[in-house]
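Here is a short briefing on one protein chain. Keep the structure open while reading.

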Amino acid sequence: MFSLTQSSKSEFLDKARQAREERKGHKDKEKSAILMQALVRRFLCRCRLQKQIRQEILQMFEKLCRAILASMEVENEPKVWYVSLALSKDLTIPWLKQIKDVLWICCQLLKKLKPDILQDNKMITLYLSMLVTFTDTSTWRIVRGKGEALRPALTRICENIMGHLNQKGFYSILQILLTNGLARSKPSLSKGTLTAIFSLSLRPVIAAHFSDNLLRSFLLHIMSVPAVVSHLSVLTPECMASMHTHDLLRKFILFLSREEQCLDICVCLEGSHTLCLLGNLIHLGFFSEKVLEEEANHFVKDLTDMLSYCQRYVSQKKSNLTHWHPVLGWFSQTVDYGLNESMPLVTKQLQYLWGVSIIRTLFSDVLSKKLESQEPTPPPPQPSTSQNNLPVKNLFKRAFQKSASVRNILKPVGGKRVDSAEVQKVCSICVLYQTALSTLTQIRLQILTGLTHLDELLPKLWAFICELGPQGGLKLFMECLNNDTEESKQLLAMLMLFCDCSRHLITILDDIEVYEEQTSFKIEELLTISSFLNTFVYKMVWDGILENAKGEKLELFHSVHGWLMVLYERDCRRRFTPDDHWLRKDLKPSLLFQELEKGKRRAQLLLQYIPHVIPHKNRVLLFRNIVTKEKESLGLVETNSASPHVTHITIRRSRMLEDGYDQLRRLPPNSIKGVIRVKFVNDLGVDEAGIDQDGVFKEFLEEIIKKVFNPALNLFKTTSGNERLYPSPTSYIHENHLQLFEFVGKMLGKAVYEGLVVDVPFASFFLSQVMGHHHTTFYSSIDELPSLDSEFYKNLTSIKRYDGDIGDLGLTLSYDEDVMGQLVCHELIPGGKTMTVSNENKISYIHLMAHFRMHTQIKEQTAAFIRGFRSIINPEWLHMFSTPEVQRLVAGDNAEIDLDDLKKHTVYYGGFHSSHRVIIWLWDILSSDFTSEERAMFLKFVTSCSRPPLLGFAYLKPPFSIRCVEVSDDQDTGDTLGSVLRGFFTIRKKEPGGRLPTSSTCFNLLKLPNYSKKSILRDKLRYAISMNTGFELS
């Protein structure tokens, strides 16, 4: 009982203590809240009071300024004029101090005002009026009439005032004011305000007689304001006239031509503002053509130095130390994002540098050159059936039937000293533009487009290059590669600029402009240029000069190699060069293969970058060697110690495609690369006799490919005109169409892997995608469009040449297509069907349309096919071939059939031999009586492909064979001793005149009866191949 009472008492005391502490805490919090509120209220009250006092002071200051300005406007009342106080000896110094203080307060207030706010704009006008009035005596009434004698003294007072303001940071104030008003898409400064600011900025410079110190301040603070010259030219032409009157551009150019001064300006401004200064100088140069002509060398040097400074901080990729700039790209200096809104105007100013006016002025020495006086070369004829059927020999012959004067321009002839003033000037200009290309990364295409706008510039620059050095361009530039002198770097920069611009130009020109109209370059010039580049790049690779000490590719190599490959790919699509133009006669394939075996880097680089210098046959041999080595490494080749794994499949002839798809699609790629044995089952479910030793699989592969590429199946379609194959956009009618495309890709890859030729003509645009060319920098969809639909290509490119308003045609950024009886509208871009095609976007429309027809429509099908094909054929293996060469790799050589080679590699059975009279008749008929088309039909009859193997008939698998037969195919059980002897001695059981020749294409076997007359053999063979009887007739 006692313990319970004691416990209750202690609890009571604890609760009382806690309550007391809580009450105390609440009182403390209340006091703290009251104290905090008091502090805040006191602070807010003080702020309101300060703001009120400040506003009152500003109002008083405003009234003071207005009173002072009003006093200066009073007529004939000298005592009222504020400036009259300066004439009193006792008051001059106090007055001077007072006006300096007043003007500096005006400057301080200007710094805080925003021109886009109406009230602030009024105050800006007032304070600028004060500054304008008291920094020049021209508006002072006191100096008029009898007071003219006072002008020198009063002018010195104004100069004293300006000197004081300059020391305090006057130009920085003006810069802030100009930037606030102009660094935007639409300026917020009025004409009067801008005139006042510019007049104020120019007065100290004029007063100091354009001293270096004041010129530096003017460049740093005024000329670095974004697009200030652009705004001045639009709003206040009088200010521009003042700049021309004082010849400011020339003074700027000469000031910056001193390297230390230029570097000082760039360091002070950093990247973004240096770019703004650059734009303003270029814009001034555009307005002052005469000054530009006279000071071209200094002007070019100044711009190059400023761009080079910016280039130090231009980065190729994003990092923690870089910032994004809309013109420079990733930039490692601090970027003023407040200038981004004005960057379009700055970019527009920069564009004057590659505009026609400045290009004509700077390249006047090059453009003044006369290339030729003859009529233009007639255009080469259009190809008849294929893009590669251009009569190259006639074209090549015509190209060099020109006069000697033209040939001297087209071929490197030499004669100009590289240290002459003319060459040095052109080199420095090329360095300027090359520096611009590598610095202004985000507008690089604009620069290239501007430089290629003048059709005559690039041909004349090429002519200039050809005249350099004692023996012409090539030798000189090869020597430059080995020299690290400044002169060599400038010469190589000229070559780089020529290559970059020419590559860009040829990329955007269509076939009509290149071949028929011959825009910019004549065909003969392209021949000479391609020969020059081919040799130059080959020397760079073979001599190991394409990389720097860090193992990075030289920019020069990227330029010349890019231009070379654009020309080569254009030639592959439509020939303009003679045979063997691209080959290097001094390169021995055997030496190259030896170096490849040893892993020599130069051989690997040669194969990577310019495989076309190696004869095609040698590259095919190399390809076959690569495949053989892979087979050996995968254990797919029969050896003494091991046999390769064999995959067995059973195929019903009536369901060949379905069975092949079901049994092969799940196999891993290495199994498909290996040996596959096929057993056919006939319609009765009985296994067909015969053992597959590659022949039956060849038949299976040919039949599969024949079925899947049949347009009736709608997996593939044929192009209009030349009927070449490409994926059907409506293949989705098949439920598993993408899996089928992948399977087809694997089967075609297997055929190429095994060296089997299949008669499948692909559209070149589709093969380009299979090879990955559409991912390269220089790929253009419009160039490949003729291989899909030449008529559509002509109609589409006619839009580019349409002189009127494209809007009148009623086109939209969409494509209407008839899909199985329904009209479907495909938008080329989101919302495209509501966007009208205009003169501004017609080029985009052309490229979007070409890209849609050749890529977007069949994107999924192509990706599936490529996935399957590349699972068998490593894409790197195909890099050594052009698109037409890959077609030849798939479908065999399109050359004339070499009967001697076929005869040499023919095997005879059943008693036939090379001296047998039927065999002699056969070869004689093929060579003398059959046309080339009939010989191709004969080859297709016996091998299933009308084209010979790329490496000749020695590589035909199985080898071509001819067998003497006596009975029909269904009774044929093979050779017997009797049949062989009868065939050998030309003994016949009966006259076989009624039987036709037959073939087994799976074994490349011709079954030939022992005919008694040559005429019978000729007639029967001609009938058999024309009817393509094969297995069916006997």
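The UniProt annotation "active site", from an unreviewed entry, covers Cys1002. The model is predicted. Its chain has 44 helices and 13 strands. Of the 1034 residues in the chain, 51% are buried.

**The annotated site and its loop**

- Cys1002 sits in the loop between strand 12 (998–1000) and strand 13 (1005–1009).
- Is Cys1002 buried or exposed? Cys1002 counts as buried because its relative accessibility is 4%, and the cut-off for buried is under 20%.
- Asn1004 also has its place in the loop between strand 12 and strand 13.
- The phi of Asn1004 is positive, at about 55°, although Asn1004 is not a glycine.
- Asn1004 has a relative accessible area of 0%, so it is buried.

**Overall contacts**

- Take the contacts in the chain with a separation of 6 or more: residues 24 or more positions apart account for 75% of them.
- A second pair is Leu505 and Leu448, 57 residues apart in sequence and 8.1 Å apart in space, C-alpha to C-alpha.

- Helix 38 covers residues 859–872, which is 14 residues.
- The buried residues of helix 38 are Gln861, Thr862, Ala864, Phe865, Ile866, Gly868, Phe869 and Ile872.
- Against which elements do these buried residues pack? Their helical partners are helix 31 (669–673), helix 33 (737–754) and helix 34 (764–770).
- Strand 6 (716–718) and strand 7 (725–727) are also packed against by the buried residues of helix 38.

**Cavities**

- How many cavities of 30 Å³ or more does the structure hold? There are four.
- The largest cavity holds about 60 Å³ of space.
- Its lining is made up of Lys698, Gly755, Leu756, Val757, Thr943, Pro949, Tyr955, Leu956 and Lys957.
- By class, five of the lining residues of the largest cavity are nonpolar, two are polar and two are charged.

**Helix 23**

- Helix 23 spans residues 486–508 and contains Gln490.
- Gln490 is buried, with a relative accessible area of 17%. That value meets the cut-off of under 20%.
- Which residues does Gln490 touch, not counting those up to four places away in sequence? They are Gln424, Cys427, Ser428 and Val431.
- Leu505 is also in helix 23.
- The relative accessible area of Leu505 is 4%, so Leu505 is buried.
- With its neighbours within four places in sequence left aside, Leu505 is in contact with Thr452, Leu458, Ser520 and Phe521.

- Tyr515 lies in helix 24 (residues 511–516).
- Tyr515 is buried because its relative accessible area is 0%.
- Gln518 is in the loop between helix 24 and helix 25 (523–542).
- With a relative accessible area of 4%, Gln518 is buried.

**A loop residue between helix 8 and helix 9**

- Where is Thr236 found? The loop between helix 8 (228–235) and helix 9 (237–245) holds Thr236.
- Thr236 counts as buried, at 0% relative accessibility.
- Not counting residues up to four places away in sequence, Thr236 touches Lys191, Leu194, Thr195 and His231.

Methods: Residues are numbered from 1 along each chain as its sequence is written. This is a predicted model: local features need pLDDT of at least 70, side-chain atom pairs count only at pLDDT 80 or more; totals for chains, interfaces and linings use all residues. Side-chain values use heavy atoms; hydrogens and water are left out. UniProt positions are given in the numbering used here, feature names are shortened, and annotations may be inferred rather than shown by experiment. Helices (H or I, at least four residues) and strands (E, at least two) are DSSP runs, numbered from the N terminus. Buried means under 20% relative accessible area, exposed over 50%, partly exposed in between (1.4 Å probe, protein chains only). On a 1 Å grid over the protein atoms alone, a cavity is a set of points where a 1.4 Å probe fits but cannot get out, and a pocket is an open set with protein on both sides within 12 Å along at least five of seven lines; lining residues have an atom within 4 Å of a point. Grid points are joined across faces, edges and corners, and a volume is the space filled by probe spheres set on the points. Ala, Val, Leu, Ile, Met, Phe, Trp, Tyr, Cys and Pro count as nonpolar, Asp, Glu, Lys and Arg as charged, and the others, Gly among them, as polar. The expected span of a helix is 1.5 Å times one less than its number of residues. Contact means heavy atoms within 4.5 Å.
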